[in-house]
Amino acid sequence: MNRNGEESPLILSVDDNEGARYAKTRTLKHAGYRVIEVASGYAAIDAAFEQRPDLILLDTKLPDLDGFEVCARIRANPITSKTLILQTSASFVGISDKIRALNGGADNYLVEPVESDELIANIRALLRLRRAEKDLSESQMRFQQIAENIDDVFWMYEPNSATPLYVSPAYEQLWERPSSKLLEDGLDWLLAVHKDDKELVSQAYAMFMAGDSYELEYRIQIRNGIWWVHDRGYVLQDAASNSHRLVRITQDINDRKRYEQSLQEADRRKDEFLATLAHELRNPLGPILNAVQMMKLAPSPERTEKGLAMVERQTRQLVNLVDDLLDIARITNGKISIKPQSVKLRDFINSAIEASQPLIEKRNHQLIVELPVDEVWMEGDPTRLAQIVLNLLNNAAKYTLRGGHIQLTATANSDEVTISVTDNGIGIPVEQRQRIFELFAQANHAPDRAQDGLGIGLSLVKTLVDMHGGSIYVMDADEGAGSRFDLVLPVSGTPHIEEENLAISSKTSVLPRKLLVVDDNFDAAEMLVQLLSNAGYEAQYAVDGVQAIELAQAFIPDVVLCDIGLPGMDGHEVARRMSLIPALQNTRLIALTGYGTSTSKFKSREAGFEAHLVKPSSLDEIQSLLRTTKSH
Ligand code: ADP
């Protein structure tokens, strides 16, 4: 063992001369080495293999194989090839022998007699060299292993050379560019740097090449979009403090950056929310305080009545605010739940309209409502459904200047109902449309800031809509200015009990659903179809008789609304032919004509029309006719 607790090096001493061997062993042991001895070439080869000595002290003249041959064989075996060999000789003393030995693989060649000091000094020098070599290759291996297994990109440069000596495999993954390209053109990586960061990064890189360290966060543009990296470059110095190598380490920090950004955004919104909340709470408190003071300082029955009314109004507003806050707290804690039951579309919409009335009236808006004629049944929580629609109506009222128009339209098919709330107010910029459904998010304020809120309403709406299995979209109002919110909710089958009632009543009357409009005036036909569809009917149109008959056979309408004065085949002929088609036996035919004379009515009845409407007829007239039972 040496002083460091390591085992001392093992020396294999090969010499057939016993005296010489003995002397060498003594010297070696004295110097602290462990020694094994052999006396022949073959024994040396075996011992080198089995004992793995650190160094072989090899005499050249041996009885079987000479030292040159032994050296060659030891080098030829991969297991022993790296063993140090110090060859000695008393008989081969020429310079050519030394050259031959060194070329044959010996690490040194000494001519006997060798002083013991010289021998030990030589052995030490060889062992030291081997140790340094081993350390170097181990550290190289460690470096390689680390560099190739970390996710960070490791770059190594020579000073003033833009092309790296080495870049780790993580480069290709992060940059999505081949490293072969980078090793040809050292600036290839810069091409992927985001254009807004390029100048800063190029400057830092130029200074780095000149020997300055840097640390930067910047973006690169890759297939998936923009990616954030952290890049650090520093200079490695050699023992004489010269710049020796430049090293860069680049780390993928995209996730962290995104979290940071969303935290900052959430933090900003929270601050904004607190400011708005303070403002919104203060708004009703001012008038309340004024009213109380007025009643206290100058009491009169009239003032008290006015004051109390104001206190009540403002307190209600406070209660609404606090209710919204509580709802949102429940949502964030996942505590809100819906109590589904069978509900009629008309019922919850009406209760929302009722609740929105005060604000709509206060702001002098006109509200137009169009609902499907037929009853639409849904599965949901009536209070929450009303709350959804009320929120949309209140927003429409808030974000529309006084005296505006608000329209609530509901249309249904067998799967879903679409409730649209449209206003002609300030509208929502396209880029804000996704955000407004997030908590505390606000877009534009109405110029009169009638009654802003807390940015809670739509987030609540969205959650409640999701809970009902529906979806909500925002878009421009059809007329351009203003917004439109489309709420799509699933429709359930008619509830059981009602189904029975319907079955009984259907014997006496079947309300029509499918309508075919026939009119050669394309605009008039299209307009009427539009009106009927809005009112919840499934309506189609044809612009001449032939097309009408063809379409009727495919569509099987409940009612045909047919113009009489058609080009080619007139309305009477259309009616006569339709009456003969078996599939249309239950189809009701109503004439639409510009002539209200009794002869024309008679003619149309004769042709098979059950009723006769004079153009222009209003949707109400048409609907009331459709509601009457079939008369033949
Ligand atoms: P708020 O309490 O601010 O009304 P909401 O969540 O109900 O909160 O709405 C979020 C934002 O969406 C509002 O601040 C407003 O900017 C915008 N917004 C909502 N509805 C409308 C609308 N009908 N017209 C214009 N902007 C609207």
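Student: Is asparagine 391 buried or exposed?
Tutor: In this predicted model, asparagine 391 is buried, because its relative accessible area is 14% and the cut-off for buried is under 20%.

Student: Which helix holds it, and what does asparagine 391 touch?
Tutor: Asparagine 391 is in helix H12. Leaving out residues up to four places away in sequence, asparagine 391 touches Gly457 and Val461.

Student: How do the axes of H12 and H13 cross?
Tutor: The axes of H12 and helix H13 (residues 457-467) come within 10 Å and cross at roughly 145 degrees. The crossing of H12 with H13 is left-handed.

Student: Which residues meet there?
Tutor: On the H12 side they are Arg384, Gln387, Ile388, Asn391, Leu392 and Asn395. They meet Gly457, Leu458, Leu460, Val461, Leu464 and Val465 of H13.

Student: And how do H11 and H12 cross?
Tutor: Helix H11 (residues 345-362) and helix H12 (residues 382-398) have axes that come within 8 Å and cross at roughly 35 degrees. This crossing of H11 and H12 is right-handed. From H11, the contact involves Phe348, Ser351, Ala352, Ile353, Ala355, Ser356, Leu359 and Ile360. From H12, it involves Pro382, Leu385, Ala386, Val389, Leu390, Leu393, Asn394, Ala397 and Lys398.

Student: Let us move to H16. Which of its residues are buried?
Tutor: In helix H16 (residues 545-555), the buried residues are Gly545, Ala548, Ile549, Ala552 and Phe555. Seen down the axis of H16, these buried residues fall within an arc of 145 degrees, so they line one face of the helix.

Student: Why would residues spaced like that point the same way?
Tutor: An α-helix has 3.6 residues a turn, so residues three or four places apart point the same way.

Student: Which residues are exposed on the other side of H16?
Tutor: Val546, Glu550 and Ala554 are exposed there.

Student: What covers the buried residues of H16?
Tutor: The cover includes strand S18 (514-518), strand S19 (538-542) and helix H17 (571-580).

Student: What caps the N-terminal end of H16, and what follows the helix?
Tutor: Aspartate 544 caps the N-terminal end, with a side-chain oxygen 3.2 Å from the backbone nitrogen of valine 546. Isoleucine 556 follows H16 and has a positive phi, near 45 degrees.

Student: What about arginine 52: what is its phi?
Tutor: Arginine 52 has a positive phi of about 50 degrees, although it is not a glycine. Arginine 52 sits in the loop between helix H2 (41-51) and strand S3 (55-59), and it counts as partly exposed because its relative accessibility is 46%.

Student: And glutamate 176: where does it lie, and what is its phi?
Tutor: Glutamate 176 lies in the loop between helix H6 (170-175) and helix H7 (179-184). Its phi is near 55 degrees, a positive value in a residue other than glycine. At 32% relative accessibility, glutamate 176 counts as partly exposed.

Student: Which residues does the cis peptide bond join?
Tutor: The cis bond joins glutamate 112 and proline 113, with omega about -5 degrees. Proline 113 is found in the loop between strand S5 (108-111) and helix H5 (116-149).

Student: Changing topic, where is serine 40, and what does its side chain do?
Tutor: Serine 40 is in the loop between strand S2 (34-38) and H2. The side chain of serine 40 makes a polar contact with the side chain of aspartate 64, at 3.5 Å. Apart from neighbours within four places in sequence, serine 40 is in contact with Val14, Leu62, Pro63 and Asp64.

Student: Why does serine 40 count as buried?
Tutor: Serine 40 counts as buried because its relative accessible area is 19%, and the limit is under 20%.

Student: Is serine 414 buried or exposed?
Tutor: Serine 414 counts as exposed, at 66% relative accessibility. Its place is the loop between strand S14 (405-412) and strand S15 (416-423).

Student: How far apart are serine 414 and serine 96?
Tutor: They are 318 residues apart in sequence and 106 Å apart in space, C-alpha to C-alpha.

Student: Lastly, how many disulfides does the structure hold?
Tutor: The number of disulfides is zero. As for individual cysteines, cysteine 71 counts as buried at 1% relative accessibility, and cysteine 562 counts as buried at 1%.

Terms used. Residues numbered from 1 in each chain as written. Predicted model: local features only at pLDDT ≥ 70, side-chain atom pairs only at ≥ 80, totals over all residues. Heavy atoms only, no water. Helix = DSSP H or I, 4+ residues; strand = E, 2+ residues; numbered from the N terminus. Buried < 20%, exposed > 50% of the residue type's maximum accessible area, 1.4 Å probe, protein only. Disulfide = S-S within 2.5 Å. Arc of directions from axis to C-beta. Contact = heavy atoms within 4.5 Å. Polar contact = N/O pair within 3.5 Å; in protein donor to acceptor, adjacent residues only side chain to side chain. Axes fitted to C-alpha atoms, helices over the stretch in contact; angles between N-to-C directions. Left-handed = near helix turned anticlockwise from the far one by under 90°.
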